[in-house]
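Visitor: Could you walk me through this model, one question at a time?
Guide: Gladly; here it is.

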Amino acid sequence: MLDKLTPALVRALAVFISMLVISIIVVTISFAYMDGAHQAQQSAKRGVQKWQAKINSSVEHNQVIDEFESNFLKLVHQGVVGAEERLSWFETIQETTKKRGMPSVKYSISTQEALNETNIKQQYQGINVFKSVMMLDIEMAHEGDLFALLNDLKRADGLYTIDNCRIEKMSKRSVDVNNNMKANCELGWYTFRNSKAKNGKGS
Amino acid sequence: MRRLFYFTGYRLSVLHWKGKQLVGSSSFEPTESGLDKFRHYLIETKNIPGKFLVDVIEEDFRMEKIPHVGSKDRASVINRLEDRHYRSSQDYCYNEIIGREKTDRKDDIVLLGAMTNPQLIQPWITTLDECKVPLSGIWTLPLISKKLLKTIKATSGVVLLVSQQVSSNVRQTLFRDCKLISSRQSIINQSMTDISGIGELAAPEVNRTIEFLRAQNLVASTEIIDLHILGSDEQLVSLEQAFKPDEYLTVTIHPIAEIKDKLSLSGIGSQFSDGIFAWLCLDQTFLGSHYGKRHLFNRYYNKLAATALYATSLLVVIASVLMTEANISVAMESEKSIVLSKQAEKNYKDLYSKRFKDFEGVFENAGVMSSAVELAERIKINSATSPLDFMIALSNVLSKENIGTVYIDKIEWKAVNIDERTKQLKKANFTGKLAVKHDAVITGRIVESEDDYRASMDQMNTIIDYLRADSRIEKVEALIMPVDLRSESKFSTESGVDVKHQKKGNESIGIFSLKILMKEPDHA
């Protein structure tokens, strides 16, 4: 087969192979050069984007702080953020009881527990939420005493919700007498803490 | 520049063409000195590829019928035929299927052709090979002359083409619908200097040929033969006198000069038609060689391949240069972009350091602040769902005038959510977005009319209807009714004068219990 090849063809073949090899080498080198430059360009772009994002984030944080700072500080002062102010709650109950002459108000409070609702982790990042359950056992002349007490508790340091309440007339007679009613209510007191704070305490 | 080696049976002419112009020619005698001169000529001139055209008397054409079989078998049959008829001309045989019978077995009709004395051209071929001339093929003039039929408008019917390439011969080639059927060359005794009397010399030969063709049944006795004669201007009178048309013969004489003009050829003589056929041979590009073993033309194919390789090499180089250039351009653009990006990065860094760096610690708390404020707001909104809210809404309904006197003795209230998936009530999550609703069981009394159960039922139904009609109340369910006459309930009572006295002041009658599901307060 090869003996049929004329020198001219062999020369042409040699030239072709040489050109092909040289071309492949040159093109490969140029591709490598281009790829390297492209990678470096991407890296440089990422660098720019990183700093842009950092600045944007800072601007955003700044706006958030501007928007929320005063309300946040109010929460801190109200004892919603940070440690619980249980004393304030008890004092408020005592004051109201005394002021309204309520015959009997028994109250107890459970140990504070962290709330692990999924929506909290998803929607409110950066904070841990705790709840203390308060049980109220009240004897009163009428239901107004209960609502006065609950209303006064709103001014105490903290944030609460009423989970359930049982209000009952002690006597079924239609005419009101003293100690006519009793109520058992369960309240939840909420406090927030920065999740990054050491030992989960402090704001 | 193109080169044609034209062998006329005795001497070899070399014709150099540039486009359609014959720019030079040399002739070599078949003697030792002639061959030496030819060799010398080949060595001295540029070694360009060449074609070899033969026009010899020692050439035979015949038609054979072979069974219509596959290509492999057909090749085998044709090989056997060639071996039978032209054993000594094996490398100089030609075959072509020119048609198929229309009746019987519908055999293929094959044209066989051969140089019966190939030794005539062997010295020339050997010399060409020695001088490494790339020969592209060996063609035979009768087959090439087919290309002239279009020019002389003789593309259909039975055509007998008569031409003279040298003074001593007349070539007569028969075509049927442009397909070569037969060809023969006749020797005539014509003077080298005076060719005007060709008619008298050629006519007997042509007549003999026609008789032979009709005798061989290659042309039917009643079939018209279109005789086309090529002649120089000085031969026209003689040809017109010698060839007269008859019932079965038409005669057309084509002046060589006219054909030359039609083909736009220049530099060729007008005495004979050798120049025309030489050009027709050179003009075909893809027609394969009629004669000769393939290895004879290896040098030419090698040259073609080499040219193709050089062209491909050039293309490869151009492509690689373009790709490299493109890559480098892209890379340089990237480099520029990198410089700009670095500058931009530095600017951003400086800006950050100047304006924000010192507040990094504060910014970390931004998320905490927004989360705390938003969550507190959410809890406050949800905490509006309280017993007080429930009782206010309830008293708004129960204080309607036509409801009558109702005492509420007990309220068991709790805050609930309705599970989106199961639609079941569950303990309220005050941190969530789901509405916190009231779920309460109220127990109370109505003042029953004496023995008037219907009035009691009406009052309860009125209470329930009013509750249901309230926009905030979603669901009301009667758990206990003062007069429960529902099919699913048990009910017992008594009546009489004594009983009536006992009933007065009895607080355990007229008791009802309702379960109410109420919407959250309107936060707007």
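Visitor: Does strand β17 (residues 473-480) of chain B lie largely in the open or buried?
Guide: This is a predicted model, where local features need pLDDT of at least 70, side-chain atom pairs count only at pLDDT 80 or more, and totals for chains, interfaces and linings use all residues. Residues are numbered from 1 along each chain as its sequence is written, while chains are lettered from A and ligands numbered from 1 in the order in which they are written. Buried means 20 or more other C-beta atoms, placed from the backbone, within 10 Å of the residue's own, and a strand is a DSSP run of E, at least two residues, numbered from the N terminus. Of the 8 residues in β17(B), 0 are buried, so the strand lies largely in the open.

Visitor: Which residue is the bridge partner of B:E477 in β18(B)?
Guide: Strands β17(B) and β18(B) (residues 511-518) run antiparallel, joined by 6 bridges; pairing takes at least two DSSP bridges. Within β18(B), B:E477 has as its partner B:K515.

Visitor: How many residues of the side of chain B that touches chain A come from α9(B)?
Guide: Chain B brings 65 residues to the contact and chain A 69, contact being C-beta atoms, placed from the backbone, within 7 Å. Elements supplying at least two residues each on the chain B side include α9 (298-355) and β14 (406-418). The largest share comes from α9(B), with 31 residues.

Visitor: In β14(B), what is the bridge partner of A:I167?
Guide: Strand β4 (residues 159-169) of chain A runs antiparallel to β14(B), with 5 bridges between them. There, A:I167 is partnered by B:I411.

Technical notes
A residue is buried if 20 or more other C-beta atoms lie within 10 Å of its own, exposed if 12 or fewer, and partly exposed in between; C-beta atoms are placed from the backbone. Helices (H or I, at least four residues) and strands (E, at least two) are DSSP runs, numbered from the N terminus. Two residues are in contact if their C-beta atoms, placed from the backbone, lie within 7 Å.
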